[in-house]
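Welcome, and thanks for taking a look at this protein with us. Here is a short briefing to read alongside the picture.

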Amino acid sequence: MFSAIARIFRTPDLRKKIGFTLGMVALFRLGSFIPAPFVDFDSVQQCLAANSDTSGLYELVNLFSGGALLQLSIFALGIMPYITASIIVQLLRVVIPHFETLYKEGQAGQSTLTQYTRYLTIALAVLQSTTLITVARSGALFGSSGNPACTQLLTNDAWYAIMLMVLTMTAGTGVIMWMGELITERGVGNGMSLLIFTSIAAMFPASLGRIASAKGWDTLAIVIAVGLVVVAAVVFVEQSQRRIPVQYAKRMVGRRTYGGNNTYIPIKVNMAGVIPVIFASSLLYLPALIAQFNQPAPGQEPQPWVLWVTANLTGGGQPLYMILYFLLIVGFTYFYVAITFNPEEVADNMKKYGGFIPGIRAGRPTAEYLDYVLTRITLPGSLYLGVIALLPLVAFSAVGADQNFPFGGASILIIVGVGLETVKQIDSQLQQRHYEGLLR
């Protein structure tokens, strides 16, 4: 293992790529601590210290920004606008035929879709930064903490100051998007995924430190032991796949023979990745967000529906929240897999090139068989996603740990997935140069 790592740094081009990646990651983390214009840094730090164990409605965005959201930094929005834009463009392929046509055109069409994603990212960044500044200006960013400093986070709330803050945070999102593309082009791994990986990994020490200070070192040791088991289970499931054998008939083109080889279609147990968890979290945040903006004036009673939402849908400890969260993840898993994997399209491509599944007729029977396998393999995948996503909520209820419990939910899925993919890329580049990779 150590000899393989030494080979990485003895390879000049690979060493240069890793150095470039680490440099961009360092700049990304530096920007997460630089406050936006007209933000009272001292007040923000006081509120963070007083609310270190809760992030309220903004938990997911704050997690993906590496804690930059609640610090109101220039990179406060993180990579979340780009993630949202990518999901929207992918879903629009089902609704808008032109998007599906562009996707099938190859590199040129996908470049156009990437450009659409960039434009939509900037538009979402403007919307999200405006919302964030409005919430910070109203004093509701840290909830009802009772700290006077949390209502005075901005030193200037004039229109030109707000415009400058919106422009700065939107530009920060554009810079993050540019940095991610540079890492993909000149570094190692997928740039956007690595930036998300960095943001989540940066929250691990603080989360573990809060568990140790609140519950003691014994509880921290138990949490780490459980975390290692969870990581091993996630690696096992993420690498699991159902391989459907495919044979290609021989065909003559001129004097050459093509085909005649055997291959397989890999269908992963978790084909949807972390997307269903993001969908479910975002959908459950909406009622709580609406209730927060409908809080009554001082001295007035809140409306009954606001009380019900506050009591049942604002925290992960409520049983109703957990049940809805689990069911939404299962439902969104089936929905997303049905959108991203089209059995009829796969069957038509196999038929076009003379491929068939042994024992299954080409064409419609192949599509029905693929749909049959996909439906049944998605069930354990969706249940697995639901259980992993509930781990932080169960930990919060059982041991009083932070809801940003590091070994569960979207965080552990992204950490493991991006880590595996990056190690595989480094391994393949080592094999090209030394005929011996990082993994054995």
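Arg-364 and Glu-368 share helix α15 (residues 364-399), where they sit four residues apart, about one turn of the helix. Helices here are DSSP runs of H or I with at least four residues, numbered from the N terminus. The model is a predicted one: local features need pLDDT of at least 70, side-chain atom pairs count only at pLDDT 80 or more, and totals for chains, interfaces and linings use all residues. Residues are numbered from 1 along each chain as its sequence is written, and side-chain values use heavy atoms, with hydrogens and water left out.

**Salt bridges**

- The whole structure holds four salt bridges, each defined as a side-chain nitrogen of Lys or Arg within 4 Å of a carboxyl oxygen of Asp or Glu.
- Arg-364 and Glu-368 form one of them, with their closest N and O atoms 3.3 Å apart.
- Arg-364 is exposed, at 59% relative accessible area, while Glu-368 is partly exposed at 47%; buried means under 20%, exposed over 50%, and partly exposed in between (1.4 Å probe, protein chains only).
- Another salt bridge joins the side chains of Arg-118 and Glu-181, at 2.9 Å from N to O.
- This pair links distant parts of the chain, as Arg-118 belongs to helix α7 (residues 107-138) and Glu-181 to helix α8 (residues 159-186), 63 residues apart.
- Arg-118 is partly exposed, with 27% relative accessibility, and Glu-181 is partly exposed too, with 26%.
- Arg-93 and Glu-100 also meet through their side chains in a salt bridge, at 3.3 Å from N to O, and both residues are buried.

- Glu-344, Glu-345, Asp-348 and Asp-371 make up a negative surface patch.
- Such patches take residues with over 30% relative accessible area and no salt bridge, joining like charges within 9 Å; Asp and Glu count as negative, and the place of a charge is taken as CG of Asp or CD of Glu.
- Helix α14 (residues 343-352) is the largest contributor to the negative patch, giving three residues.
- Glu-345 is found in helix α14 and is partly exposed, at a relative accessible area of 30%.

**A buried threonine**

- Thr-198 is located in helix α9 (residues 191-215).
- Thr-198 counts as buried because its relative accessibility is 12%.
- Leaving out residues up to four places away in sequence, Thr-198 touches Val-25, Phe-28 and Arg-29, where contact means heavy atoms within 4.5 Å.

Terms used. Patch = residues over 30% accessible without salt bridge, like charges linked within 9 Å, V, L, I, M, F, W, Y side chains within 5 Å. Areas by Shrake-Rupley, 256 points an atom, 1.4 Å probe, with all protein chains shown as cover. Helix = DSSP H or I, 4+ residues; strand = E, 2+ residues; numbered from the N terminus.
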